[in-house]
Amino acid sequence: MLEGSILQQLEASHRHSTRPVRFGVYYKNTLVALCHALEDHILADDNSPLVITAFQRGKWYLQEAERYADIAQCSRQIAIMAAPDAGFAEHPTSQLPNVDLVPLDPSDPVAQEWHLIILSPKYTAMVLCQELSDADYGVGGRPASDVERKFYGLWTFEPELVKETAELAIAHIQKYNPELAAKLLIYAQGIENTIGTSEDLSIVVSRVVDYLQIGQEQLSIPAAVRQQALDSNLVSNEIQAFLRMAQLMDLADITNPQAAAEVATLAETLAQLLDLPAWQIKRLKLAGLLHRIDPLQKAESIFTPGTSTHYQESAPSCPLTCSLVPGAQALRKMSRLRAVAQIITHQTEWWDGTGEPAGLAGDEIPLESRILALVADFQWQVNQKRTASENRQEIFVQALEECRQQANRFDPKLIDALFLLVMGLQQGLDLPLMTPKVSTGMWLLDSRWDSQSKTSEEMSSYPQ
């Protein structure tokens with residue numbers, strides 16, 4: 001990272017924190033898709049966000065200047081940083097009253113960065129990257145194809161991180177234009193660090209996935225290896241979009257902020273006890289990380305009368321899981337995630353057939369959905385009892401008993417398997433949390449995940 005760049009300052013401030021920032025490498029075509037998706041959300045939003053961008057060179061801004069004229073109509077203020085080229089300041093967009101240009105010195109490390117920082121009352125989002133140096137590219141040097149240029153950094157929806165980065169960017173702008181920086185700081189400080197509603201987040205995620213898929217379709221790189229690398233980078237970011245949404249859903253639930261990681265770990269361990277194949281364990285783990293997204297139905301259906309009472313009690317503490325999630329239906333758009341969507345969809349089925357959404361009963365319910373439902377309930381029970389008791393063994397036994405009492409809901413053979421897991425936990429079995437780097441994603445996928453490649457018998461059978 002370049003010393004003095006905004007990316008470097010952000011990394012330095014989190015280097016020794018309990019939540020270090022995770023970075024990844026992105027091709028230019030991936031960043032274009034991400035930025036266009038987020039920019040289009042500004043056009044569809046009615047909350048007049050503050051937008052801070054960095055384009056590296058004026059010529060890159062000029063390619064998007066007409067688009068930014070439309071974005072300016074939907075924004076409270078836009079600040080654009082770039083090393084100036086001919087026409088940089090003269091373009092009509094640059095003359096708009098709520099658009100300010102910050103001509104960077106070409107030697108400024110920020111002139112090597114690509115930013116899109118959005119602060120809105122309903123949501124926050126940002127792309128923050130820095131182009132790789134010649135040394136980073138290695139022997140082959142910089143690529144001849146523009147879409148193959150690579151950038152190091154991150155993108156996120158996390159409010160506190162976005163606002164912190166905005167303040168770093170404003171502090172940098174202050175060196176060039178103190179008056180503008182003061183105005184931007186007032187705007188930024190006036191926007192609360194809010195996590196958007198499920199609908200706001202899911203619409204953004206859906207838009208991001210759509211743009212990434214379009215980006216895949218439009219690739220025209222002749223070399224097959226290069227094509228595969230670009231395609232993998234786009235797919236990885238599609239997965240990241242869902243992981244980031246799931247991460248925010250956990251952050252919104254202050255009473256159970258590690259639910260996704262704990263459910264994923266429990267699901268993986270239980271699947272290992274059942275001796276399931278590696279490909280099935282891997283996608284069950286991903287379903288555990290995403291299990292709160294609930295892509296195909298109203299999550300409030302879980303809280304209706306007749307369901308477990310603890311869901312009704314917990315509903316107010318996690319507003320993100322209590323309303324319609326329309327955009328998260330995008331999970332099924334990815335062929336490699338359709339099987340995961342299926343697992344998540346049917347986690348609300350009940351063993352006796354009285355659950356939702358399809359009223360499946362017994363072995364008709366996909367095995368992974370049955371596992372996910374059980375470990376999610378067990379995790380919730382354990383989490384609730386942690387506040388009332390410090391006796392680890394007692395907590396596990398009580399949570400298991402709560403699950404046993406819901407015999408009409410859970411597969412009895414899975415309850416028996418959970419009993420073996422609880423025995424292991426009582427004897428000191430350590431289950432380290434599986435907390436994936438959200439800056440990566442391909443490792444979570446398996447090429448054999450095509451849901452059509454496995455028979456229903458394979459999906460619903462396990463050792464007796």
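Predicted model: local features only at pLDDT ≥ 70, side-chain atom pairs only at ≥ 80, totals over all residues.

Of the 464 residues in the protein chain, 57% are buried, where buried means under 20% relative accessible area, exposed over 50% and partly exposed in between, with a 1.4 Å probe and protein chains only. Residues are numbered from 1 along each chain as its sequence is written, and side-chain values use heavy atoms, with hydrogens and water left out.

The protein chain contains 16 helices and seven strands; these are DSSP runs, H or I of at least four residues for helices and E of at least two for strands, numbered from the N terminus. Among them is helix α2, residues 28-44, with 17 residues. From first C-alpha to last, α2 reaches 24 Å, close to the 24 Å expected at 1.5 Å a residue, the expected span being 1.5 Å times one less than the number of residues. Because 13 of its 17 residues are buried, α2 is largely enclosed by the rest of the structure.

I turn now to the cysteines. How many disulfides does a search of the whole structure find? The search finds zero, a disulfide being a pair of cysteine sulfur atoms within 2.5 Å. For C35, the closest cysteine sulfur is in C129, 8.0 Å away, which is too far for a bond. C35 counts as buried at 4% relative accessibility, and C403 counts as buried at 1%.
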